[in-house]
Amino acid sequence: MQLKTYLIDDDSLSIYLTEQLLRAEEFSTVIHTFQSASQALQRLVQEKEPPPQVVFLDLNMPVMNGWQFLDALAPYEDKLLGRCHIYILTSSLALSDLEKSKEYDLVSGLIHKPIDTEEIRAIQSQLNTQEPSAGPG
Amino acid sequence: MNNSDMLLGNVEFAQSPEPALLLDAAGTIRLVTAGLAQLVRQPAGELLGRALADLATPYKALTAPMAVAQAATGTPTEYEAWLEVPGEALLVSFSLLALPRAVAQPCLLYAVARVLTPTTPAQELLEQERHLSIIFNTMTDVAFVLAAEEEGRRFRFVFVNQAFEKTTGLPATQVIGRLVTDVIPEPALTQVQQYYQRALRSRQPVMWQEVSEYPNGRKIGEVHITPLFIEGPVRSCQLVGIVHDLTRQKETEARLQLSNERFQYAIKATTDAIYDWNIAADTLYWGEGFEQLFGHRLETNPTPFSKWADYVEPAEHHRVVEGLRHTAFRTANEFWQQEYHFRRADGSWAVVFDRGYFLRDAQGQPIRMIGAMQDISDRKEAEEQQRRLTDRLIKQNADLQQFTYIISHNLRAPLANALGYADLLSRIDRNSAVFEESLRHLSTSIQLLDAVLTDVNSILSIRDQQDSGRTEPVTVSQVCRQALVGLQQQLEECGGELRCEIPEGLRILGNRAYFHSIFHNLVSNAIKYRSDARSLLIEIQTTSTSDQHTEITIRDNGSGFDQHQGDVFQLYRRFHSDKPGRGIGLFLVKAHVESMHGQIAVQSVVGVGTQFTLRF
């Protein structure tokens, strides 16, 4: 099975790190990285290709932050639900972010940087159990 | 208690065996002696309140009301009548005599009854004398008779009543038969003798008030002296004196005066402007406070209502003046109170707390309002200062909280990367390219951590400086030139132009290093975020504002930014992801400006340019 992943983070050091950690766990075959949320949004909503199964989204970014990205996705929520799993990946430890993330159905979880092996494997198993229920769509 | 009340309560009179009664001016029986009750064979209580006319039908043409009316004018009157007693009718003569009285007191008449039987003139005379003696001795006023001797040069006491003894403490036996000069001490003596002589000369009653020290205390009396001229073979003259005791009345007046004085002093002691609004006349009577508090001269007092209303702040006029009239005329409220601005004579505005109490009639209509205006300007000012201080502290606190939040977040980001790389490095091939790259990134992350801590240090040092008071007049144009030296090359490379129009002489109280940092940061930002569509132009200008401040504007025609995206001065806030930057420059600029008690504002339009305005 081919797994496509988006990595959205303005911090290049963080992107490189997460990408290497994912590769070390053989998490994904294709990883697209974006240093700007608006670029990722543009690509995601173009619908020229199937959406990524997993998105790692940083919160604290200039111009368009993670929340603004999620708000911009609202019109596409029905199409993406069940097909695209968004994980917030943030260095912030604020509880308010966790609370807020629960308001978004597209958000499957919130992970504090740096992402570790256990967290990567947990996402993998989560995706595998959901695979049958996702249906033919 | 007045004279008539005292008479009506006179137990001695009521118990007297002499048949007599006390009438009011309408001829109604107010008091009877035991002797009279016995004569008519009825209980005394049943006679009270009845008219004399009911009790005794006239024997001659003179009716009871006529006799009463005549006696009330001061003429002693004989009223002969049939007195109905069970089983028989007695022919009785009533001698009516008006009691001396003070002004405004009701008239009372004595009536002494005498059963008519054949008598001799001498007996009649004796009878009359006896009656007079009863009257004199039962009345509460002091009465005395003086005989004028040696053509009015000497006066000798020939009669004093019981009240005289009681009031003066001098027994009748020590007074009767003695000369006035031996009884009355100086200085009163000279004075009373003058009055006696005047009564003799004028042949008219004389009245005055006197204060006397008697053995049983100070007495204030109203003295009436009536001269009596007895015509006959030997012309003689007597003076009848009645002294009505005013002590109690005078004491009441004195107490009232004292209480009035206390009120006057209380008004003096208070700094409030006390007023009394006469609502029918629409005038205000002011206490002294009004002139003292607001400096307005009162040409008249009371003043027209407008004297107050015209000085109320025009914007508040409706609420205050109309509100007062509404409360007065459209409600039944007892109190009215309002806070408003009131113009002083010097044109300044006082903050006033005004509270008044309405006096209303039985229908609830307002008659007067008594109130006080209190100048609470100082208190208000203090409250306002307190509020400003609180606002500043709240803001500072919020700033600090935000600062802590931002710092912790910006420490956490490089720290998380460092942790991640440390983890990664332990799991990958030491000889791979990824290993080398990750090691480099680990180092960078740690340097970034250090940079954040350095930022914290420099920010805290500005806060430390803020209240140190180490300021000097800074020549702004000079500092600006120095700050631009290091940027000249960058400016030339991009083909930009900078026009600095700061007057050479302009000095602002502050910190040189801060001004240097401000100009350096703002100009380097302008260069960094220039527009590719046109050549860069930076203009620096100063203006003096009308309120004694100086404004410095730094304007560029660069790419601008979207102000709706958030506060550009916030720490680590970035608006451009395409240019390197840490988001601390403008935060420091703002901290520097504010530590010198200045303000900074920004206006920016995307694609047009940005203007920063500094105000000192």
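Tutor: Buried area is the accessible area (1.4 Å probe) that two parts lose on being put together, summed over both. Between chain A and chain B it is about 2,000 Å². Carbon and sulfur atoms give 59% of that. This is a predicted model: local features need pLDDT of at least 70, side-chain atom pairs count only at pLDDT 80 or more, and totals for chains, interfaces and linings use all residues. Residues are numbered from 1 along each chain as its sequence is written, chains are lettered from A and ligands numbered from 1 in the order written, and side-chain values use heavy atoms, without hydrogens and water.

Now the contacts (heavy atoms within 4.5 Å). Chain A brings 21 residues, and chain B brings 23. One salt bridge crosses the interface; the rule asks for a Lys or Arg side-chain nitrogen within 4 Å of an Asp or Glu carboxyl oxygen. A:Glu25 and B:Arg427 form it, at 3.0 Å from N to O.

On the chain A side, helix α1 (residues 12–24) gives the most, with seven residues. Helices here are DSSP runs (H or I, at least four residues). By class, that side has 10 nonpolar, seven polar and four charged residues. Asp, Glu, Lys and Arg count as charged, and Gly is among the polar ones.

Over all chains the count comes to 33. Some examples lie within chain B. B:Arg30 pairs with B:Asp24 at 3.7 Å. B:Asp24 is buried, at 16% relative accessibility, whereas B:Arg30 is partly exposed at 35%. Buried means under 20% relative accessible area, exposed over 50%, and partly exposed in between (1.4 Å probe, protein chains only).

B:Glu253 meets B:Lys250 at 3.5 Å. They sit three residues apart in helix α12 (residues 247–269) of chain B, so about one helical turn separates them. In helix α17 (residues 433–466) of chain B, B:Glu437 and B:Arg440 are also three residues apart, about one helical turn. Their closest N and O atoms are 3.1 Å apart. B:Glu437 is partly exposed at 23%, and so is B:Arg440 at 48%. Elsewhere, shared partners join B:Glu381, B:Glu384, B:Arg387, B:Arg388 and B:Asp391 into one salt-bridge network.

Definitions and conventions:
Helix = DSSP H or I, 4+ residues; strand = E, 2+ residues; numbered from the N terminus.
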